[in-house]
Amino acid sequence: MTELRVNGRPVQVDAPDDEPLLWVLRDDLALPGTRYGCGAGICGSCTVMLDGAPVRSCQTPLSVVAGREVRTVDAPPEPGSVAAHVRAALLEHQVPQCGWCMSGWQMQVTAALESDPGVDDASLIAGLDANLCRCGTYARLRRAVRDAAARVRSDAEGA
């Protein structure tokens with residue numbers, strides 16, 4: 001039995017140590033928001049946060065997450081949080097097309113803005129090169145990311 005925290009709550013999982021976190025989340029914990037993309041850690045669709053840092057859940061075995069905090073796109077964002085700003089910006093700029101990669105984008109952008117709310121737009125956009133979208137919504141995504149970053153910076157300045 002492996003114990004970890006997922007989206008703020010403790011869970012126990014009875015699965016092999018080498019089972020990818022992606023399948024633990026989807027199959028064992030019924031959290032379907034994290035998507036299977038390429039299965040090789042290339043596309044980023046399966047991105048979740050492990051102790052606040054983005055990781056590819058398809059390449060992360062259960063043994064690595066034992067005793068640690070995993071946050072997925074299934075966690076409802078707190079109002080006014082970085083995750084809430086990112087989610088709102090993605091929707092307002094109509095970024096999702098098929099939506100398959102959106103969970104990965106949301107987690108990647110949220111992790112970047114949480115680790116450095118003052119990150120400049122060029123660095124933030126460059127940091128997104130690791131995620132892929134087959135629908136090609138990159139122009140909308142860049143606008144949404146800049147908007148989310150501006151919202152986060154505005155909150156930080158007002159605090």
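## Aromatic pairs, cores and local features

Tyr-36 is partly exposed, with a relative accessible area of 37%; buried means under 20% relative accessible area, exposed over 50%, and partly exposed in between, with a 1.4 Å probe and protein chains only. The model is predicted, so local features need pLDDT of at least 70 and side-chain atom pairs count only at pLDDT 80 or more, while totals for chains, interfaces and linings use all residues. Residues are numbered from 1 along each chain as its sequence is written, and side-chain values use heavy atoms, with hydrogens and water left out.

**Aromatic rings**

Rings of Phe, Tyr and Trp (its six-membered ring) pair if their centres lie within 6.5 Å; planes under 30 degrees apart count as stacked, over 60 as edge-to-face and the rest as tilted. By this rule there are 2 aromatic pairs. The rings of Trp-23 and Tyr-36 are stacked, because their centres are 5.5 Å apart and their planes are at 25 degrees. This pair links distant parts of the chain, 13 residues apart: Trp-23 belongs to helix H1 (residues 21-28), and Tyr-36 to the loop between H1 and strand S3 (47-50). Helices (H or I, at least four residues) and strands (E, at least two) are DSSP runs, numbered from the N terminus. Trp-23 is partly exposed, at 29% relative accessibility.

The rings of Trp-105 and Tyr-138 have centres 6.1 Å apart and planes at 80 degrees, so that pair is edge-to-face. Here the residues are 33 apart, with Trp-105 in helix H4 (residues 102-115) and Tyr-138 in helix H6 (residues 138-158).

| Residue | Relative accessible area | Class |
|---|---|---|
| Trp-105 | 1% | buried |
| Tyr-138 | 28% | partly exposed |
| Pro-76 | 67% | exposed |

Arg-35 lies over the face of Trp-100, 4.6 Å from the ring centre. A charge sits over a ring if NZ of Lys or CZ of Arg is within 6 Å of the ring centre and within 35 degrees of the ring normal.

**Nonpolar cores**

A nonpolar core is a set of buried Ala, Val, Leu, Ile, Met, Phe, Trp, Tyr and Cys residues joined through side-chain atoms within 4.5 Å. The largest has 21 residues, of which Val-86, Trp-105, Leu-113 and Val-145 touch the most other members. Two or more residues come from each of H3, H4, helix H5 (121-126) and H6, and H6 gives the most, with 6 residues. Leaving aside neighbours within four places in sequence, Val-145 is in contact (heavy atoms within 4.5 Å) with Val-109, Leu-124, Ile-125 and Leu-128. Apart from this core lies another, of 16 residues, among them Leu-4, Val-11, Val-65 and Val-70.

The buried residues of H3 are Val-82, Ala-83, Ala-84, His-85, Val-86, Ala-89 and Leu-90. Their cover includes S5, H4 and H6. After H3 comes Gln-94, with a positive phi near 50 degrees. Pro-76 lies in the loop between strand S5 (69-71) and helix H3 (82-92). From C-alpha to C-alpha, Pro-76 and Val-55 are 19 Å apart in space, and they are 21 residues apart in sequence.

Strand S1 (residues 2-6) and strand S2 (residues 9-13) pair in the antiparallel sense over 5 bridges; two strands pair if DSSP finds at least two bridges between them. Glu-3 stands opposite Gln-12 in S2. The hairpin has 2 residues between the strands, and Asn-7 in this hairpin takes a positive phi near 50 degrees.
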